[in-house]
Amino acid sequence: MSPSGTNETFSFVLADCTGHGVPGAMLSTLLAGLLERIYVSNPSMEASDAYRDLKDSFHRTFRSESGTPGLGLEGGFDALILQIDRKKRALKVAGRGIGFVMVRDGRANRVPLRGLEECAQSIEFEPGDRF
């Protein structure tokens, strides 16, 4: 998602939008556009900052003129942003509602990002770890 000019650090985004069919596709397209705007302006943005910008931009898009949430999209999406720094062997994780699995030495460990509040954390990884 974020081509920073090197292969050392990059970001990966997994998102799930509210809705099915055309409404879900429209929200997915909007979210992809917001992500592109975020990472074009700052390709090396921290995962937690990118998630916060994504959430804020999404909710600004769907506010009514009176400033109150509109269209019943107060949640709108769940997202997981992984920022991988190969050189430092660090994985920065931010998001809400979507977890992932980390496999180390053949053992799978679930890393949840569930709940109503956003989560940000940093995980050191070793050669051979899989996500």
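This is a predicted model: local features need pLDDT of at least 70, side-chain atom pairs count only at pLDDT 80 or more; totals for chains, interfaces and linings use all residues.

Me: What makes up the secondary structure of the protein chain?
Reply: There are two helices and six strands. Helices (H or I, at least four residues) and strands (E, at least two) are DSSP runs, numbered from the N terminus. Along the sequence the pattern reads β-α-α-β-β-β-β-β.

Me: How do you know that the span of helix H1 is close to the expected one?
Reply: The expected span is 1.5 Å times one less than the number of residues. H1 covers residues 21-41, which is 21 residues, and 30 Å is expected. From its first C-alpha to its last, H1 reaches 31 Å, so the two values are close.

Me: Which residues of H1 are called buried?
Reply: They are Gly24, Leu27, Leu31, Leu34, Leu35, Ile38 and Tyr39. The word means under 20% relative accessible area, while exposed means over 50% and partly exposed lies in between (1.4 Å probe, protein chains only).

Me: What do the buried residues of H1 pack against?
Reply: Their partners are strand S1 (9-17), helix H2 (47-61) and strand S2 (77-85). A contact here means heavy atoms within 4.5 Å. For instance, Leu54 touches Leu31, Leu34, Leu35, Ile38 and Phe77, leaving out residues up to four places away in sequence.

Me: Why is a group of residues called a nonpolar core?
Reply: The name is used because its members are buried Ala, Val, Leu, Ile, Met, Phe, Trp, Tyr and Cys residues joined through side-chain atoms within 4.5 Å. The largest one has 19 residues, of which Tyr39, Leu54, Phe58, Phe77 and Ile81 touch the most other members. S1, H1, H2 and S2 each supply at least two residues of this core, and H1 gives the most, with six. A second, separate core of 12 residues includes Ile98, Phe100, Ile123 and Phe125. In soluble globular proteins, nonpolar side chains tend to be buried together.

Me: How do you know that Ile123 is buried?
Reply: Its relative accessible area is 13%, which is under the cut-off, so Ile123 counts as buried. Ile123 lies in strand S6 and touches Arg89, Ala90, Leu91, Val93, Phe100, Met102 and Val111, again not counting residues up to four places away. Ile123 and Leu91 are 32 residues apart in sequence, with their C-alpha atoms 5.0 Å apart in space.

Me: Why is the pair Asp78 and Arg96 called a salt bridge?
Reply: A salt bridge needs a side-chain nitrogen of Lys or Arg within 4 Å of a carboxyl oxygen of Asp or Glu. Asp78 and Arg96 come to 3.8 Å, N to O, so the pair meets that rule. Asp78 lies in strand S2 and Arg96 in strand S3 (residues 90-96), so the pair ties together parts that are 18 residues apart in sequence. The rule gives a count of five salt bridges.

Me: What makes Arg104, Glu126 and Asp129 one network?
Reply: They are joined by salt bridges that share partners. The side chains of Glu126 and Arg104 meet at 3.9 Å, N to O, and the closest N and O atoms of Arg104 and Asp129 are 2.7 Å apart. Arg104 is in strand S4 and Asp129 in the segment after S6, 25 residues apart.

Key. Residues are numbered from 1 along each chain as its sequence is written. Side-chain values use heavy atoms; hydrogens and water are left out.
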